[in-house]
Amino acid sequence: GLALAESLGDMKGIKRYADKIIAMDEALVLNAVDISGRPHLSFDLDVPAKKVGNFDTELVSEFFLAFVRNAKLTLHIKKLAGRNTHHIIEGCFKCFGRLLDEATQIDPRREGVLPSTKGVL
């Protein structure tokens, strides 16, 4: 999270908002972000199993909570469908990567402009 926040610098020209839905076999996961300067996580990723191999699935929410706090962004994660814990989690992370890619892109129409009506993020 800190690495993202530092890499964005003053955030001028970024798109700021993005949303994605990713299908991973039977799983369908939605992510939406606002790079707002205000940390908030809405995490609704019900997973059927407590572990995938040796991986404790409760760590998924802990990762995103720490990321959100350090990057100071608002993130919503929601499972829309899915039964396979591995597919749900994999879809969530792939969705998150694509989401950040879009939200951090420079919008050529707003290059050099802070994406805020208040003038601060």
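Where do F63 and F67 lie, and how many residues apart? Both belong to helix α2 (residues 58–71), 4 residues apart, about one turn of the helix. Helices are DSSP runs of H or I with at least four residues, numbered from the N terminus.

The model is predicted: local features need pLDDT of at least 70, side-chain atom pairs count only at pLDDT 80 or more, and totals for chains, interfaces and linings use all residues. Residues are numbered from 1 along each chain as its sequence is written, and side-chain values use heavy atoms, with hydrogens and water left out.

Rings of Phe, Tyr and Trp (its six-membered ring) pair if their centres lie within 6.5 Å; planes under 30 degrees apart are stacked, over 60 edge-to-face, and the rest tilted. The count is 7 aromatic pairs. F63 and F67 form a tilted pair, 6.0 Å centre to centre with 40° between the planes. F63 is partly exposed at 36% relative accessible area. F67 is buried at 12%. Buried means under 20%, exposed over 50%, and partly exposed in between (1.4 Å probe, protein chains only).

F64 and F96 have ring centres 5.0 Å apart and planes at 90°, so this pair is edge-to-face. F64 lies in helix α2 and F96 in helix α3 (residues 85–103), so the pair ties together parts 32 residues apart in sequence. F64 is buried at 0% relative accessibility. F96 is buried at 6%. Ring pairs link F43, F63, F64, F67, F93 and F96 into a cluster.

The count of disulfides (cysteine sulfur atoms within 2.5 Å) is 0. For C92, the nearest cysteine sulfur, that of C95, is 7.1 Å away. That distance is too far for a bond. C92 is buried at 0% relative accessible area. C95 is buried, with 0% as its value.

Conventions
Helix = DSSP H or I, 4+ residues; strand = E, 2+ residues; numbered from the N terminus.
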